[in-house]
Every structure is written in C-alpha cells, then in structure tokens.
Amino acid sequence: MREPFFAVWIARHGAAEPGEITFGGWRPERMETGLQWVPVTNPEYGYWLLDVYALRIGGKLSSFCYSGCKVVIDTGTSLIAAPSRFVDPLYYKLNDAIWEHPRRGVKRGGKSCEPDVPAGLLEFVLLNNVTLAMNPRDYGIVEKPKKRRWKCEPMLMAIDIPPPIGPSLFILGEPFFRKYYTVFDGIRGNLGFSVAKHPSD
C-alpha cells in the first residue's frame, strides 16, 4: 500500500457496473469535482464522525441542529439514519416535496428519482462550510405502493445512539456513497468528498 487511504464508489440503482473499493489512494476518473477534506471529530470513539454545523431542507435551516449535530459516514449502513424523534418530521418534509412534483418525484422512464426537486434538497453543512447535499435521486428509491402510482420514496430509518456520540446523530450510508466518492485517510483522520462520476450521467 503506497498511502494510508481507501476510497469507496457505489453505482446507482440498477446500474450494471459493480461498486468498488480502492486501497492505497483514489481514482480521479470516479470524481466529478476535486476532493474537499474534513477532519474527523473525536477519533477515539472509533467512527468516521463529523460535526454538523447546520442542516438545511429545501434550502431552509432546520431547527433540529441549532444546538449541533453529528454525522457518521458508514459503508455498512444501507439507508440514511436519523434520530427517532426527527426521522418522521424529516420523512414528511422530503416526502411532501416529492409528492408536489408532477410525477411524484419519478424521473421520466420510471427507473430513478428526479434530481430536480429543490424543496427536497437535504444538506449537511460541515467544517469550513463543506456542504454535503443530496436530492431525491440520491436518497430516494422508486416504488409502487399497492394500487397506487409509482413514486420516489425517501430511504430513511430511525436510530438512537446514546451520548457521547448521540443523541443528535445521523448516519449516512449507501445512498450517500452513490452521490459522493469518499476517501478515508486512516492516518490523518480526514475524510475527502467528491461528487461521484457515474457512466450514466
């Protein structure tokens, strides 16, 4: 291994190409933008943990993180996890934005969620104003409830972590890695984020 890095890229839903993990560096061909680096907070806890200074939904500040939040970047979580007292309000805000879209947030062709839903934009603002933004295409999956039209469904789950890591803790799992090519620096304790490049984009 040349450098103490590993990088994770995950394909979009339905893509033929598998995901990949790269050891010893990263692959610029997987990146749409340059890497933005953020230091891990409290590395002694053993998580890729970051401080969240603001949470925005549809461009508006959420009061939930007024007193500060944290987020764990985790390849082992299949959804986006939020504290149980907040996951329902978050779901309904995102879901309402999706339902106001003419096609219930479903992109033409019906295979993916529509990226252009401004009211459904979810943003985590980190140190140095690094902002991790996800739209319905990133955090949603196309589903068809019984006897209903196809719709874009936010992929959220509830999780409650006790102090000192929680309780105001989010976990960004698989949906996040479809949006962001992520580089883990195991020596310096940093995370690097770039918008992921996908063959279908």
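A: Let us begin with accessibility: a residue is called buried when its relative accessible area is under 20%, exposed when that area is over 50%, and partly exposed in between. Please keep in mind that this is a predicted model.

Q: Okay, so where does arginine 27 fall, with its relative accessible area of 28%?

A: Arginine 27 is partly exposed, because its relative accessible area of 28% lies between the cut-offs of 20% and 50%.

Q: And which side chain does arginine 27 meet in a salt bridge?

A: The side chain of arginine 27 meets that of glutamate 29, with 2.7 Å from N to O. Glutamate 29 is also partly exposed, at 43% relative accessibility.

Q: Why can side chains like that pair up?

A: Side chains of opposite charge can pair when their charged atoms come close.

Q: Which residues are in the network of salt bridges?

A: The network links Glu20, Arg27, Glu29 and Arg30.

Q: Is arginine 30 buried or exposed?

A: Arginine 30 counts as buried because its relative accessibility is 8%. Its place is in the loop between strand 2 (20-23) and strand 3 (36-39), and the residues it touches include Trp9, Tyr181 and Val195.

Q: How many salt bridges are there in the whole structure?

A: A search of the whole structure finds nine. One of them joins the side chains of aspartate 51 and lysine 70, at 2.6 Å from N to O. That pair links distant parts of the chain, since aspartate 51 is in strand 4 and lysine 70 is in strand 7, 19 residues apart. Aspartate 51 is partly exposed at 24% relative accessibility, whereas lysine 70 is buried at 18%.

Q: What about arginine 188, which side chain does it meet?

A: Arginine 188 meets aspartate 185 in a salt bridge of 3.1 Å, N to O. Here arginine 188 is exposed, with a relative accessible area of 52%, while aspartate 185 is buried at 2%.

Q: Switching topic, which residues have the most contacts inside the largest nonpolar core?

A: They are Ile73, Phe170 and Phe193, in a core of 40 residues. Helix 1, which covers residues 84-99, gives the most to this core, with five residues.

Q: What does isoleucine 73 touch?

A: Leaving aside residues up to four places away in sequence, isoleucine 73 touches several residues, among them Trp48, Leu172, Phe184 and Phe193. There is also a second, separate core of nine residues, which includes Phe5, Leu35, Val183 and Ala196.

Conventions: Residues are numbered from 1 along each chain as its sequence is written. This is a predicted model: local features need pLDDT of at least 70, side-chain atom pairs count only at pLDDT 80 or more; totals for chains, interfaces and linings use all residues. Side-chain values use heavy atoms; hydrogens and water are left out. A nonpolar core is a set of buried Ala, Val, Leu, Ile, Met, Phe, Trp, Tyr and Cys residues joined through side-chain atoms within 4.5 Å. Buried means under 20% relative accessible area, exposed over 50%, partly exposed in between (1.4 Å probe, protein chains only). Helices (H or I, at least four residues) and strands (E, at least two) are DSSP runs, numbered from the N terminus. Contact means heavy atoms within 4.5 Å. A salt bridge is a side-chain nitrogen of Lys or Arg within 4 Å of a carboxyl oxygen of Asp or Glu.
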